[in-house]
Amino acid sequence: MSRSALGDNIHGGEILLPVRTGYIVLTLVVAVVLDLVPMPGWLAWVWPDFVAIALVYWGVFQPRRVGLLVAWVLGLLMDVADASLFGQHALAYCLLLYGAIFLHRRIQMFPLAYQVAHVAVMLLGQQLLQLLLRLAAGGDFPGITYFASSLTAAALWPVLVALLRLPLRRRSDSDVP
Amino acid sequence: MQDSPAPIFKRGPSPAVRLAFFSLLSLVMLVADARFRYGENVRAIVSVALYPLQQAAAMPGMLLSRAGEFFVTQASLVSENNKLRREALDSAARMLRLQALETENAQLHRLLDAPLVPDRKSRVATVLYEPRDPFTRRIIIDQGLTTDVSAGQAVIDHLGVVGQITRVFPLVSEVSLITDKSQSVPVQDVRSGLRAVTFGLGHDGALELRFIPVNSDIQIGDVLVTSGIDGTYPPGLPVAVVANIERNAAFAFARITCTPTAGLANYRHVVVLSPPDVLPPDPTKTKVETPVETRTTRKRTPAP
């Protein structure tokens, strides 16, 4: 933990504004709402788990601001919303966030394409854990399309990184052509 | 995390300890829920907290469909109106006949001293969303404890049985569709009167009839309606149409798959039927005494 508070805000040679707690809360609430949007048919399969990807984002870029308790509570929320087993998302999100925090330095150093690969593996691992839990509880394998949402979520990673950083940009950046 | 020396500032337990704690807590909750169905109260509280977020999430879709309704052309409205009027006339004629039949039926029942199946009250509910859980087939509707919905009530649409309510929260409730793996519906073949039970397969658009002997009277295209012997679903509601029968003499039972008639999760509105006033006696309590008695009577009868 040798990094200073400012150090956490340097990404890709760019110095960002310090992140307010309210902003993190807002993004997580928006992620929950996006997860709850009713999706018809095949769209439901590819609709990414926004809570998971938001947790990875904050775990990687603000590892000291988002704790495991947040992941656990969000997991319980999603368990109730998805009518799945109690604790299924909670456990998966806790491990996911821990993985993101554990790997945050490495992921921050990589270019975007490698970041996408890391995120994809973490999200797939999280889904695999949920799958194993449900299989242990007597569920059926829902088919390989089950993992599609993780891949779309990983594909969205560059967009998400750019979007979540927009409000953190310093004013002077907009003057540069 | 890995290279942290002796901490200067107090930061509580290390992340690995915290991870172990939350993982253990989650695992305990998982077992409690999967095995014993504990934690329903917590679920109810969380669901109330989630309700405004759910409403917010459903808003764009609702607005889109409203906007779509606004731009319906005059011609399509007129044609739909005409169609509905014709249908109303048609069903009015049938309703009159039905009323006559109902009174006649009630009279006959009275003559025979047989108990009449009571009419059930119903309540229209709006489907809020389909939970993103690929392991189950469920929908969430906007009726809950506040509108006197209870677990076990049957849910239908205008085409047939949709499922039954399995969890009730204060503002919403959860309906397990008949295609859910845990759901089974006692049915009867309309053509032959054969009684059977449909089992959900866990994926859309298919049900299975199990334990039907190879030589039983069932054909492709047969309509299956609820038999009503479970006390959950009232008798006579369409459930499924037999789609495929595989009769293989090597097995004792035929493999029969059916397609549900109700538009499962296709419609915005469903009807929740209120539970019957008189439920059949609990079989777990009556079972203990009755078999003993029948056995003794059987043994006694051949003796004299």
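This is a predicted model: local features need pLDDT of at least 70, side-chain atom pairs count only at pLDDT 80 or more; totals for chains, interfaces and linings use all residues.
Two strands are said to pair if DSSP finds at least two bridges between them.

**View 1. A closed barrel of six strands in chain B.** The strands follow the order E6-E7-E8-E11-E10-E9, and their pairing is antiparallel. On average, neighbouring strands of this sheet are turned by 40 degrees against each other, direction ignored.

**View 2. Strands E8 and E11 of chain B, paired in the antiparallel sense.** E8 covers residues 207–209 and E11 covers residues 255–260; three bridges connect them. Leu209(B) has Ile256(B) as its bridge partner in E11(B). For Glu208(B), the bridge partner in E11(B) is Thr257(B).

**View 3. Strands E10 and E11 of chain B, which run antiparallel.** E10 spans residues 238–246, and six bridges join E10 to E11(B). Asn244(B) of chain B stands opposite Thr257(B) in E11(B). Thr257(B) is also the bridge partner of Glu208(B).

**View 4. The two faces of E11(B).** Which side chains of E11(B) point to the buried face? They are those of Ile256(B), Cys258(B) and Pro260(B), and these residues are buried.

View 5. Beyond its neighbours within four places in sequence, Ile156(B) is in contact with Val161(B), Val162(B), Leu237(B), Ala262(B), Val270(B), Val271(B) and Leu273(B). Gly263(B) is 107 residues away from Ile156(B) in sequence, yet their C-alpha atoms are 9.5 Å apart in space.

**View 6. Helix H3 of chain B, residues 74–112.** Why does H3(B) count as lying largely in the open? The number of buried residues among its 39 is zero, so H3(B) lies largely in the open. At 1.5 Å a residue, the helix should span 57 Å; the C-alpha atoms at its ends are 55 Å apart, so the two values agree. After H3(B) comes Asp113(B), with a positive phi near 65 degrees.

Technical notes:
Residues are numbered from 1 along each chain as its sequence is written. Chains are lettered from A and ligands numbered from 1 in the order in which they are written. Helices (H or I, at least four residues) and strands (E, at least two) are DSSP runs, numbered from the N terminus. Axes are lines fitted to C-alpha atoms, for helices over the stretch in contact, and angles run from 0 to 180 degrees between N-to-C directions. The expected span of a helix is 1.5 Å times one less than its number of residues. A residue is buried if 20 or more other C-beta atoms lie within 10 Å of its own, exposed if 12 or fewer, and partly exposed in between; C-beta atoms are placed from the backbone. Two residues are in contact if their C-beta atoms, placed from the backbone, lie within 7 Å.
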